[in-house]
Amino acid sequence: MAHLPAPARPRAARYTVVGTAGHIDHGKSALVKALTGTDPDRLKEERRRGMTIDLGFAHLDLPSGLRVGVVDVPGHERLIKTMLAGAAGIDLVLFVVAADEGIMPQTREHLDILRFLPVDRGLVVLTKMDLVTDPEWLALVREDVTALVAGSFLERAPVIPVSARTGEGIPALVEALDRALRDLAAPDADAPARLPVDRSFTMVGFGTVVTGTLWTGRIHAGDALVLLPEGREVRVRQVQSHGEVVDEARAGQRAALNLVGVAKDEVERGDVLVAPGTYRSSRVLDVRLRMLGSAPPLRHQDRIRFYLGAAEVIGRIRLLDRDRLAPGEEAVAQVRLEHETVAARGDAFVIRRYSPMVTIGGGEVIGADVPLRRRGRATVELLKSDAASDLDARVLAVVEASGTAGTTVEAVVPPLGLVRDRAVELMRVLVERGQVRSVRGRVFAANAVEGVGRAVAATLAGYHCEVPWRVGMPRDELKRRAFPAGDDRLYGDVLERLVAAGEVALEGTFARAREFAPVRTAEETAAAERLDALYRRARFTTPSREEALAQVGDRSVATRMLQVLLDEGRLVDLGSDMLFHRDAVAEAEMLIGRQIEAHGPITVATARDLMASTRKYVLAVLEHLDARHVTRRVGDTRVLLRQPGPR
Ligand SMILES: Nc1nc2c(ncn2[C@@H]2O[C@H](COP(=O)(O)OP(=O)(O)OP(=O)(O)O)[C@@H](O)[C@H]2O)c(=O)[nH]1
Ligand SMILES: [Mg+2]
């Protein structure tokens, strides 16, 4: 981050990161210098001791225009942790073997580590060629190397002899690099940002700077990010890539970020910068674990060192269906960490023994931030099917399990170890396929939606059979019967869609099946008309229900028709067993309204005189008008709120 602002050069179209690997003193750093012109050993101690102690960084532009970030790792056996941090984000490895020495212990160990990482391409570089004069020896070394990499991702890798001292083979290496990286798929720049920090330092005038390879997403100056596992919020003041100020760093690119909101001591290698609300820290992981053939057996609860991204965390292995895992074996297991770290489904990891420190295996995260699981075959079966099943099916299963209560995108993130944006994306696909319905922030499985639709239709049909004379079913009763529990949004949505599809009609407070029309006998119709006339005549002094029913023949017929008149609004219920014909209500409203307009606020006594009725009825009418905001009570009087008349 030395000089800024640097003039923005045309940016390379694509970026990639290459890393070294190999035994100590085999010429990894010299090779990086020969390739890039930059000595990756920048520490005084490194230069004094002639060995790499910390990660080194350089870059070069290939003839094809690809800009390559180079991460140089130490070969020392005590610095494997550093090597792992450097190797975590690389796209291609320069697998270095000194031609004069051949395969050595960390040649093997580095390869073992790489077997578990996502890196799937590499070049075998035979260094120090100037020191080898014996062709037989060289043939022997080549044979050993071929045997070593057999069966690994390096099996078909080109073997390129070079000398950093004479420069021999360097152009061929550049060419081979270009060829090997040509068809490299770009990592996901649209996923949320995730940058494992591999270095943090301060710069005078800048404050805290962190570097790392951006695994996914993009980072811009001004972005707010979260530093995990602490969860501290930070802001990016400036982004640089390969020594240049850039507007944006993209997935697959090395980036140096000047951060606001965090001191240098508060960030360390292994921390991870992520977009807010996306990745989370975990302490317990479900994993698929493979043991190296050369590893000592692993026992349940063995203490191990767990490596993911640039982090090393101590933890214990929980074997779920056995007590021992033998060399070369594979199992579904859990890792219980002593500190939180960032992990996501699909992440690669490596484990080493706690002590002595030997690489023993690695694998893939199946679930992050999961509960400790009961040991046993059943759990293993569950995790295996879980690991095998497609993510969208797993999301759908969670939504289906939520039934008519529904769930949210946020709620499916932790159980599946997903990133929020990934969950959003999967949910969108499920919605598009019609398997999930999203209603105002909640999601429901299609089968739950359909179930409610069927219940509404069946409930209405049943009601229409039972009560054919009624205009429909009161909507609150329909909901109570068809949808006794669940989220109201789902019910509202289903009903809306049934209406839109023409299957259900809503009329006031009633719902009915579209094709339904009330059916009444001649006797019923006659009874309805008689009741109508009776109330119309009674005007402002009406009979009680009992009295009215008694005047209309068959009691059950009369009771039903009284309900019909109420349903249809021909009768108005004023409470306390007082029913008025709607014409009477309209007339009372008109009388009272005109009186107030002409003479100002009206008392109950005046209203009573006007309606020529008793206090009981007049009070009921006035309260009805108050409730409808025609009048308002002020002390002992009513004032007019709006012109009288039907609404
Ligand atoms: N003759 C000769 N010497 C070399 C060549 N490459 C590296 N060396 C020497 O070998 C020694 C080790 O080289 P480095 O590049 O530091 O080795 P390294 O693999 O980076 O070592 P670590 O980082 O400590 O693992 C140095 O003294 C180099 O000068 C080469 O091509 N020819
Ligand atoms: Mg070195």
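Biologist: Where does Asp-54 sit?
Modeller: Elements first: helices (H or I, at least four residues) and strands (E, at least two) are DSSP runs, numbered from the N terminus. Here α2 covers 44-49 and β2 covers 56-61.

Biologist: Before we go on, what pLDDT do local features need here?
Modeller: Residues are numbered from 1 along each chain as its sequence is written, and chains are lettered from A and ligands numbered from 1 in the order in which they are written. Side-chain values use heavy atoms, leaving out hydrogens and water, and since this is a predicted model, totals for chains, interfaces and linings use all residues, side-chain atom pairs count only at pLDDT 80 or more, and local features need pLDDT of at least 70.

Biologist: Back to Asp-54, then: which side chain does its own side chain make a polar contact with?
Modeller: Contact in general means heavy atoms within 4.5 Å, and beyond four places in sequence Asp-54 touches Arg-42, Leu-43, Glu-46, Asp-72, Thr-82 and Arg-269. At 2.7 Å, the partner is Arg-269.

Biologist: How far apart in space are Asp-54 and Val-73?
Modeller: Along the sequence they are 19 residues apart. C-alpha to C-alpha, the gap is 7.0 Å.

Biologist: Is Gln-253 buried or exposed?
Modeller: Gln-253 lies in the loop between β13 (248-250) and β14 (254-260). The cut-offs are under 20% relative accessible area for buried, over 50% for exposed and partly exposed in between, using a 1.4 Å probe and protein chains only. Gln-253 has 0% relative accessibility, so it counts as buried.

Biologist: Which side chain joins Gln-253's side chain in a polar contact?
Modeller: Beyond four places in sequence, Gln-253 touches several residues, among them Tyr-15, Gly-212 and Glu-248. A polar atom of its side chain also lies 2.9 Å from the backbone nitrogen of Arg-250. The side-chain to side-chain contact, at 3.0 Å, is with Ser-241.

Biologist: What is omega for the peptide bond from Ser-355 to Pro-356?
Modeller: Pro-356 is in the loop between β22 (348-353) and β23 (359-367). Another cis bond joins Leu-228 and Pro-229, with omega about 5 degrees, and Pro-229 is in the loop between β10 (224-228) and β11 (232-241). The bond from Ser-355 to Pro-356 is cis too, with omega near -5 degrees.

Biologist: What is the phi of His-629?
Modeller: His-629 is in the loop between α19 (615-627) and β32 (631-634), and at 51% relative accessibility it counts as exposed. His-629 isn't a glycine either, and its phi is positive, at about 60 degrees.

Biologist: How far in space is Leu-383 from Pro-327?
Modeller: Leu-383 is in helix α7 and, with 0% relative accessibility, counts as buried. Its contacts beyond four places in sequence are Asp-286, Leu-320, Val-332, Ile-366 and Arg-373. Pro-327 is 56 residues away in sequence. C-alpha to C-alpha, that pair is separated by 22 Å.

Biologist: And how far in space is Arg-218 from Tyr-617?
Modeller: Arg-218 is in strand β9 (residues 218-220), and 28% relative accessibility makes it partly exposed. In sequence, Tyr-617 is 399 residues away. The C-alpha to C-alpha distance is 74 Å.

Biologist: Zooming out, what is the radius of gyration of the chain?
Modeller: There are 19 helices and 33 strands in the chain. For 647 residues the globule rule gives 26 Å, and the chain is well over that, so it is more spread out than a compact globule. The radius is taken over C-alpha atoms, and the rule is 2.2 Å times the number of residues to the power 0.38. The chain's value is 39 Å.

Biologist: What share of the 647 residues is buried?
Modeller: The C-alpha trace spans about 125 × 55 × 40 Å along its principal axes. Even so, the buried share is 52%.

How values were computed
Polar contact = N/O pair within 3.5 Å; in protein donor to acceptor, adjacent residues only side chain to side chain.
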